[in-house]
Amino acid sequence: MARSTSPLPFQLAICLLALPLVFGAESHDPSHNTAAQDWIQHSPHQEGWKKHLAQKNDQKQGHEKAPPLPLLWPVKGKKIHHETANHIMAYNYPQHDRYHNPYLAKPQEMEDQVLDAEGGGKSVSYRSVGMTKSSSSRDHDVDEIIHSVVLQGTFGEDLTMKTNKTTEYLIEYLYNATALKEKAIRVTVSSPESDFTYPVLVVVRQQRGVLSWQLPVEPPPSTRTLEEYKLVSRTLCPVENYKTSLQASHLDVKQRLFVDVSTSSPSYVNFTVKAEFENDFLLKLHEKQTFEVTPSTPVFYEFQFPDHVDMILVKANAEDDFCAMVAIQNITCPVFDSEENIKYGNFYQTMTYQAGITVRKENYPKGLYVIVVMLSNDEPCSGSFQHIFRTRRKTVTISIEEKITKLEYLAAIFAGLGFCAFFYIVTVILACVSYIRAKRKQPRERSLLDDSIITPEDLNTSGPSYGAIDSQGRNEPKDHGLPRTVSDSSLDEDDIDMLTDAESDKDIFRTKTFLYVSDLARKDMRVLNKKSQLYIWGLLTVGVFYAVPVIQLVITYQKVLDVTGNQDLCYYNFWCAHPLGPLSDFNHVFSNISYILFGILFMGVCVRRSHRHKQAVLQDYKIDKYYGIPQHFGIFYAMGGSLIMEGLLSGCYHICPNNSNYQFDTSFMYVISVMSMLKIYQTRHPDINASASAAFAALALAVVLGVIGVLTGTTLFWVIFGFIHVISCLLLSCNIYYMGRWKCDLGLFGRMKTWFMSELSDWRGICRPMYCDRMVLLLLGNAANWGLAIYGMVSTPKDFASYLLIIFLTNLLLYIAFYIIMKLRHRERLQLQPLVYLLLCLFGWSAAIFFYVHHTTTWELTPAHSRQFNQECVLLHFYDTHDIWHFFSAAAMFFGFMLLLTLDDDLAHTPREKIPVF
């Protein structure tokens, strides 16, 4: 019988092959089973998967245009809800005994729910449910699931939903990118129930770029927020303006915009989302755009330069003084339109009532964005001032105006030069007329001191009345030889008081009751000329050392402004600021050329007059010794040089005007005032005039006080300065009253006691001054200066530099008025030429002051408040009132200098012993 085959070898082989599977199954943790295993083991899920794949395959083949159903977990044993278009389909996780998420503490049990979109979408949208890590790491009894809800939004319609820490909304908007050439998208999200503990977070995504914020709006660092802003509205930067690399591909025509809304609040928080198109996104030339801004709703617009426009002025106006910022930025994304980053743009400035930024096309060839952001507080604009209990909402009007063309630029520049050239032409004509008249021999009254023409009859005549001293009684050498010249370089100003003839009778001459110029013109003319010339050399030295660091500083200011874009650094009249090259405000710098040109013109007149005087002295040396007012031109040259330096430093100041460098604009005005007063005093006191070193030392002290006043300006400083001011006036008055013979030393109190006892002995004349004219002048001067000192201590004005300048100018005007009045009182006459100069000077100063008081800016206020004085150009669309002040004040100072130069021309042939001193 045949033997049956044993199954043992076959079974053994099967067991050997199954061993790896058995050990592998034992080593595999059942908790690592995935949802895919559950899907394979259960046929309902297999059917859903096959249905999804079939629909995807049909879509690829073009058989069906509808979007596929999302790959979501169907609920076992339950039907999927298909609601109306105003509802959302909801899918939940499967409820299966063997399924659980390894990251969660226990299987999920959720009920289906249908959320009402409240009209937020017109098509059916789907809600997908995701999972996050459970909080079992913190609390084993608490599980958290975040449900992501995707909605399709419609532009122009509000979408209101509820969210909490377990629900996150993603709202999608579709639009055509080609339709946004002149439009922009603005997204508005509000949540009245949000708070800083659990803020609502908003993220807006485009193909390029992300924008995010929170509700309520987070306050900026180091600021104090007085309100909570629970509505944010932001304009999205067009996606085509984002910077990309060269390898970046073109934008999709069909763009998708996503708005993601989430919160960590455990309770539901309502929110509303709205996306809309801005139809007025492009600004037009000479058209106004009015809108409202709040700290949470910034606004920006786009502007493209027309082909024929090279420069524009962006103007902003408002009716309230809430603090805002206006900025200019290139057409690049992202746009810096928040309080924290607006300073990262190109140029910006604070604003209350108005603002203005000049923009050149060469800097923005592709156009620009105009950004307006309202700040959360008023401190950047007003210092410590702050609006309280008022809703921070500002209505702003933006307009763009074309600036002047290059042809108008040149016309305005040549018009300013022509104004100064007119006076050059008139001066040349007058010089020719004067030259013709000078050829006529002028009759000259014989001086009693002219010993070269003494006759025997003169020896028996008495000298002039009131103490005019005759030099015949002394052994004075007679000059019958060669005439003296004033070019002796071997003389030094230290020799002035070493002259024996001047020192021997100094006290006798200077303490007479009635003095004449001959009494105070006893020193050698060559020495006095050398002393006078030291003024111009001292001025040149001081001017160079002062101007060089000033120029370096203001150039640095301009560079800082260009690099940082902070236009609050400089107090321009932004509505009439015309840039040229590196200068942001060329017209205000250029208008100072009038000071330079008039200074050069005056120095030219002095050179001609000095040359004529030298020629006359060469013909008859007695003119320089016995007749007329002694001619010293050194201080006149210093006055002309000071006017030139004033123009240079005023131009430097206007490169970037502010309170820190305002002293540059006033320093040489101090010099002009002091030099003018010294020249008036030198006219009839040639022997006792102040030295150049003493004058510049006093000016240096004035500049130091000006700097201290600008930096501190405290009440203590004003009290100390007032005390110094009064004491200085008293000491100077005593020195002037006693013609330099009064000394302030240790014997002062002894002399005062002696004087007082002598006055008591003659009590009837105790109140009668010895020198009435000088006493009247000094009383008026001291009354004015004491009044200014009291005003400064009481009011403590912020502008100390201008206050100090007012002191100098007040004393100068008083002295000029006193000199003219005393001249007429002594029956001296004003010739036609100085009278014309006087009238032109008065007219010039009147016009200049009229334009000066119409402020276009002031650094005493904050930059934002200063801009409320900004005005448009009033002359040739190029010059404003301050520019006109420059032209008129320069002309007025020139006429004032000419007045001092020609005031005593009527005494040219009068003997000096008949010219009184006052």
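The points below go from the whole chain to single residues.

1. Overall picture. Please keep in mind that this is a predicted model. The protein has 918 residues, and 46% of them count as buried. Its secondary structure comes to 22 helices and 20 strands.

2. Contacts along the chain. Take the contacts between residues at least 6 apart in sequence: 78% of these join residues at least 24 apart.

3. An open sheet. Have a look at the sheet of 4 strands, ordered β4-β11-β6-β9, with antiparallel pairing. β4 (159-163) and β9 (231-235) are the edge strands; each has a single partner, so one side of each has no neighbour in the sheet. From one strand to the next, the twist averages 20°. As background, strands of a sheet pair through backbone hydrogen bonds.

4. Strand β6 (residues 184-190) runs antiparallel to β9, and 5 bridges join the two.

5. Two cis peptide bonds. Leucine 215 and proline 216 are joined by a cis bond, with omega about -5°; proline 216 sits in the loop between β8 (210-215) and β9. Cysteine 333 and proline 334 are also joined by a cis bond, with omega about 5°, and proline 334 belongs to the loop between β16 (324-330) and β17 (347-351).

6. Positive phi angles. Most residues other than glycine have a negative phi. Threonine 796, however, has a positive phi of about 40°. You will find threonine 796 in the loop between α18 (772-795) and α19 (800-825), partly exposed with a relative accessible area of 25%. Arginine 827 has a positive phi of about 60° and lies in the loop between α19 and α20 (832-852). Is arginine 827 buried or exposed? With a relative accessible area of 81%, arginine 827 is exposed.

7. A search of the whole structure turns up 47 aromatic pairs. In one of them, the rings of phenylalanine 850 and phenylalanine 851 have centres 5.2 Å apart and planes at 80°, so this pair is edge-to-face. Phenylalanine 850 is partly exposed, at 48% relative accessible area. Charges sit over rings too: the charged end of lysine 183 is 5.9 Å from the ring centre of phenylalanine 277, and that of lysine 315 is 4.0 Å from the ring centre of tryptophan 575.

Key
Residues are numbered from 1 along each chain as its sequence is written. This is a predicted model: local features need pLDDT of at least 70, side-chain atom pairs count only at pLDDT 80 or more; totals for chains, interfaces and linings use all residues. Side-chain values use heavy atoms; hydrogens and water are left out. Rings of Phe, Tyr and Trp (its six-membered ring) pair if their centres lie within 6.5 Å; planes under 30 degrees apart count as stacked, over 60 as edge-to-face and the rest as tilted. Buried means under 20% relative accessible area, exposed over 50%, partly exposed in between (1.4 Å probe, protein chains only). A charge sits over a ring if NZ of Lys or CZ of Arg is within 6 Å of the ring centre and within 35 degrees of the ring normal. Two strands pair if DSSP finds at least two bridges between them. Axes are lines fitted to C-alpha atoms, for helices over the stretch in contact, and angles run from 0 to 180 degrees between N-to-C directions. Contact means heavy atoms within 4.5 Å.
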